[in-house]
Amino acid sequence: MNINWYPGHMKKTKELLQENIKLVNLIIEVVDARIPNSSKNPDFDKLFRDKKRLIVLNKYDLSDPNMNKLWEEHYKSKGWSVVLYNSTNNKELGKLNNAIAEATKEIVERYKKRGFLNKTIKAMIVGIPNVGKSTLINSLAKKKSTKTGNMPGVTKGKQWIHLAGNIDLLDTPGILWPKFDDEECALNLAFTGAIKDDVLVMEEIALKFVERMQQMGKENVILEKYNIEAGEKPLDILDNIAYKKGFLINKTEIDYLRVANLLFNDFRAGKLGNITLEMPE
Ligand SMILES: Nc1nc2c(ncn2[C@@H]2O[C@H](COP(=O)(O)OP(=O)(O)OP(=O)(O)O)[C@@H](O)[C@H]2O)c(=O)[nH]1
Ligand SMILES: [Mg+2]
């Protein structure tokens, strides 16, 4: 399977990130807690080498709590600030504000020594598409300052948002990288909705998803959710879901696209439970 999605606007966004590095003190890199490795753009480590970085493991309400701890420790051990966050829950805001304050402590101290007591901290939010960057900004701004949506490619250009407490945030469009060398990584991005469904054959992706769930010993989650029998092959599971739901074309042919859409709507909304698809090395 050959999965790639690097439209022209992503190349432009990379240039935009590059141009704005000098203007910011802090990089807030948002990753998906269900796929912390696959959702980490490998270009960023080089691009932001010399900047203070805060990693937000976003959507941790959808990922496995035991894995969350492992990933948090993993990134801490790399010397980055880390916070587990749910951008859709305003009760968690304090946690993110504390993490930002902690990550910018040294910068604020340096400003103070030079006599700048209320200097604005500028932070740039970066990450792959659909990971929750704009939702996170809206949570910090306590209002809808920037457009969000459950599909990749919602934010089209850069946008500065001024927050109380002397901080400016730069929202940026999500970007991937030109070529996925690793099929597992590409599939993880497809499963979670970071790659536009339109450029994928969702029926095949669904098959790969069932296969992965089987490999992880989580096939039961699917069987229980749809109240179906186990099957020998991943395709049997898709068939069983289709028969159970009556997803047939002309009463005979299985409508695999409908099955795929159901499966991914449920997985992406957390209706298959808290699932993390990869472990730290
Ligand atoms: N469950 C859950 N959903 C979230 C969280 N953060 C964001 N979402 C949802 O994820 C979807 C994508 O959010 P956006 O904020 O638009 O993502 P983005 O990173 O700005 O995406 P692009 O602008 O396309 O790059 C939306 O449906 C949000 O409601 C979270 O922490 N938990
Ligand atoms: Mg956005």
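The legends below describe close-up views of a predicted model.

**View 1. Surroundings of ligand 1.** Ligand 1 has 24 residues around it, and D61, K133, T135, G153 and V154 come nearest. Helix α6 (residues 133-141) gives the most to this shell, with 3 residues.

**View 2. Polar contacts of ligand 1.** A polar side-chain atom of D61 is placed 2.8 Å from a nitrogen atom of ligand 1. T135 also contributes a polar side-chain atom, 2.5 Å from an oxygen atom of the ligand. V154 instead approaches through its backbone, with an N or O atom 2.8 Å from an oxygen atom of ligand 1. Taken alone, ligand 1 exposes 670 Å², of which the protein buries 89%.

**View 3. Helix α8, residues 202-215.** The helix has 14 residues, which at 1.5 Å a residue should span 20 Å; its end C-alpha atoms are 20 Å apart, in agreement with that expectation. Its buried residues are M202, I205, A206, F209, V210, R212 and M213. Seen down the axis of α8, these residues fall within an arc of 160°, so they line one face of the helix. An α-helix has 3.6 residues a turn, so residues three or four places apart point the same way. After α8 comes G217, with a positive phi near 70°.

**View 4. Helix α9.** In α9, the buried residues are I222, L223 and Y226. Their directions from the axis of α9 fall within an arc of 100°, so these residues line one face of the helix. They pack against α8, α10 and α11. N227 follows α9 and has a positive phi, near 55°.

**View 5. Helix α11.** From first C-alpha to last, the 13 residues of α11 reach 18 Å, close to the 18 Å expected at 1.5 Å a residue. V259, A260, L263, F264, D266, F267 and R268 are buried in this helix. The cover over these buried residues includes α7, α8, α9 and α10. G270 follows α11, and its phi is positive, near 80°.

Technical notes. Residues are numbered from 1 along each chain as its sequence is written. Chains are lettered from A and ligands numbered from 1 in the order in which they are written. Side-chain values use heavy atoms; hydrogens and water are left out. Helices (H or I, at least four residues) and strands (E, at least two) are DSSP runs, numbered from the N terminus. The expected span of a helix is 1.5 Å times one less than its number of residues. Buried means under 20% relative accessible area, exposed over 50%, partly exposed in between (1.4 Å probe, protein chains only). The arc is that of the directions from the helix axis to the C-beta atoms. A residue is near a molecule or strand if one of its heavy atoms lies within 4 Å of it. A polar contact is a pair of N or O atoms within 3.5 Å; within protein, one must be able to donate a hydrogen and the other to accept it, and residues adjacent in sequence count only if both atoms are side-chain atoms. Accessible areas come from the Shrake-Rupley method with a 1.4 Å probe; for residues, only the protein chains shown count as cover. Contact means heavy atoms within 4.5 Å.
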